[in-house]
Amino acid sequence: MATKALRLILGDQLTRGLASLKDLDPAMDVVLMAEVMEEASYVAHHKQKLVFVFSAMRRFARELREEGITVDYVALDARENAGSLGGELKRAVARHGAGRVILTEPGEWRVREMFDDWREELDCDVLIREDDRFMCSRATFEAWAGGRRSLRMEFFYREMRRATGLLMDADQPEGGRWNFDPENRKSLPKGHAPPRRRRFEPDAATREVMAMVETRFPDNFGSLEGYGWAVGRVEALEALREFVADALPVFGDYQDALKQGAPFLYHGLISPYLNAGLLAPREVCDAAEAAYREGAAPLNAVEGFIRQILGWREYVRGIYWLKMPEYREINRLGADRRLPDFYWTAETDMNCLAQCVGDTRDHAYAHHIQRLMVLGNFALLAGLAPREVQDWYLLVYADAYEWVELPNVHGMVLFADGGLLASKPYAASGAYIDRMSDYCGTCRYDVKAKIGENACPFNYLYWDFLARNEQALAGNQRLAMPYRTLAKMAPERVEAIRRDAARFLDALPSTYER
């Protein structure tokens with residue numbers, strides 16, 4: 001005889017085809033969704049992240065109810081809210097007399113540990129199903145990684161192209177090449193006007209959540225002014241269609257470009273929807289490939305976009321589950337400096353950093369070059385403590401969940417894993433930012449000057465980073481040229497570089513606690 005099942009849906013599992021919903025019996029089963037303070041505050045999430053997740057959860061619950069499904073929804077301000085997922089699950093099992101709890105495996109290690117605890121604590125069966133929304137299962141990734149000395153994303157990406165058939169011509173890559181990245185490094189022409197990107201006006205339900213967030217989380221990072229994220233699948237699909245039609249054709253050329261006052265440029269703006277489950281990665285890749293097949297977008301743009309999802313997104317999830325929980329504790333470069341206050345205030349004379357922190361504060365979003373080559377580059381060069389940087393990235397972005405944030409920050413941004421993810425540190429001087437952006441033209445510092453109080457700090461911080469970490473990095477073949485240059489520098493110049501770096505870094509206030 002069938003027993004009533006309680007099916008818990010998390011805030012990043014807002015997918016109608018979710019594994020734990022596939023055999024739901026509307027006549028008997030109950031879906032549980034809960035807004036709990038434990039999840040809302042394990043880091044002090046950006047206000048827009050909280051509004052997005054809570055609003056999307058409420059919309060998803062409403063849509064399930066419209067199908068005739070019983071949804072037990074516990075709002076954050078419900079009087080008897082237990083404050084934790086475990087507490088709400090126990091209450092719901094008792095309330096509904098459930099004989100089974102059915103879950104889809106979570107995206108984060110800490111939540112998986114909760115799931116395992118529930119198997120011991122609950123007086124009913126707890127079934128945990130595989131999350132099949134990804135294009136590469138954890139088992140498939142583990143099989144690919146097994147026995148390999150190098151786990152480079154590029155080789156994984158090629159296997160995924162073959163496995164999915166995306167951008168393939170029989171058994172060969174479309175266009176004869178796997179990777180068109182060299183074509184995708186253009187800066188914006190002078191006077192170039194990026195398109196106005198689609199944003200979504202908050203509905204009444206979202207405005208209600210906004211008011212709650214302002215009341216319950218008044219000191220959290222970020223502003224709700226100008227909030228424009230979609231909170232339902234229909235609108236998320238509209239955002240995808242807008243990107244494919246209006247931005248994807250030019251995305252490839254300018255995906256690495258930076259422009260003051262233009263935080264979105266030609267980027268997808270769909271990562272919050274992907275990571276919360278409102279969009280599926282395969283349908284996103286299919287939409288981009290269809291644009292190429294129809295002649296609406298060039299191959300370099302489509303390949304670059306698909307690589308971000310089929311390549312990087314699937315790859316970092318695989319690395320996360322393969323290497324956790326030890327992975328987050330690795331600190332191969334011994335970085336230990338506190339996070340400077342400007343990461344919270346945007347108050348710095350370095351215009352590039354002020355712009356990128358400001359965009360993050362205003363939109364809970366920054367594109368990948370802002371995150372990697374400006375905000376991340378500074379964190380790397382300055383030797384900021386990995387856990388502080390990881391927590392910052394996790395809390396400030398609407399698309400951030402630990403499975404995707406941690407490997408990107410730990411491996412790509414900070415090189416804290418010693419090269420598991422990246423073949424070299426993504427370190428750069430001010431010349432890179434000047435080449436790819438218009439930030440430097442209005443900066444108080446001189447990007448052409450290499451040392452001295454008026455020099456762009458990125459210039460001397462770059463060489464200081466190499467000198468400080470020479471023992472750990474000098475054997476990296478991709479750094480052979482800069483280390484040869486460093487070796488040829490006069491000792492007095494190296495001393496001046498190190499002195500300027502120490503002067504600048506030691507003067508940075510680091511007083512904020514989050």
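How do the residues of the lining of the second largest pocket divide into nonpolar, polar and charged? In this predicted model, the lining holds ten nonpolar, five polar and eleven charged residues. The second largest pocket has a volume of about 360 Å³. Its lining is made up of 26 residues. Thr15, Arg133, Gly277, Leu279 and Ala280 lie nearest the centre of this pocket. Three helices, α2 (47–66), α9 (271–276) and α10 (281–293), each supply at least two lining residues. Helix α10 gives the most, with three residues.

The structure holds 31 aromatic pairs. One of them joins Phe378 and Phe504. The geometry of this pair is edge-to-face, with 6.4 Å from centre to centre and 70° between the planes. Phe378 lies in helix α14 (residues 368–382) and Phe504 in helix α21 (residues 491–506), so the contact ties together parts that are 126 residues apart in sequence. Phe378 is buried, with a relative accessible area of 0%. Phe504 also counts as buried, at 9% relative accessibility.

Phe504 takes part in another aromatic pair, with Tyr445. This pair is edge-to-face too, with 6.5 Å between the centres and 80° between the planes. Tyr445 is placed in the loop between α17 (430–436) and α18 (457–468), while Phe504 belongs to helix α21, so parts that are 59 residues apart in sequence are tied together. Tyr445 counts as buried because its relative accessibility is 12%, and buried means under 20%. Phe378, Tyr445 and Phe504 are members of one aromatic cluster. The cluster also contains Phe342, Tyr343, Trp392, Tyr393, Tyr397, Phe458 and Tyr460.

Charged groups also meet aromatic rings. Arg138 lies over the face of Trp321, at 4.1 Å from the ring centre. The charged end of Arg371 sits over the ring of Tyr397, 3.9 Å from the centre of that ring. Tyr397 is itself one of the residues in the aromatic cluster.

The structure holds 48 salt bridges. Among them is the one between the side chains of Asp23 and Arg129, with 2.9 Å from N to O. Distant parts of the chain are linked here: Asp23 is in the loop between β1 (5–8) and β2 (30–34), and Arg129 is in strand β5 (residues 125–129), 106 residues apart. Asp23 is partly exposed, with a relative accessible area of 42%. Arg129 is also partly exposed, with a value of 22%.

A further salt bridge joins the side chains of Lys448 and Asp434, at 3.4 Å from N to O. Lys448 lies in the loop between α17 and α18, and Asp434 lies in helix α17, 14 residues apart. Lys448 counts as exposed, at 61% relative accessibility. Asp434 counts as partly exposed, at 26%. Elsewhere, salt bridges that share partners join Arg7, Asp23, Asp29 and Arg129 into one network.

Notes. Residues numbered from 1 in each chain as written. Heavy atoms only, no water. 1 Å grid on protein atoms, 1.4 Å probe; cavity = no way out; pocket = protein on both sides within 12 Å on 5 of 7 lines; lining within 4 Å. Points joined across faces, edges and corners; volume = space filled by probe spheres on them. Helix = DSSP H or I, 4+ residues; strand = E, 2+ residues; numbered from the N terminus. Nonpolar A, V, L, I, M, F, W, Y, C, P; charged D, E, K, R; others polar. Phe/Tyr/Trp six-rings, centres within 6.5 Å; stacked < 30°, edge-to-face > 60°. Buried < 20%, exposed > 50% of the residue type's maximum accessible area, 1.4 Å probe, protein only. Lys NZ or Arg CZ within 6 Å of the ring centre and 35° of its normal. Salt bridge = Lys/Arg side-chain N within 4 Å of Asp/Glu carboxyl O.
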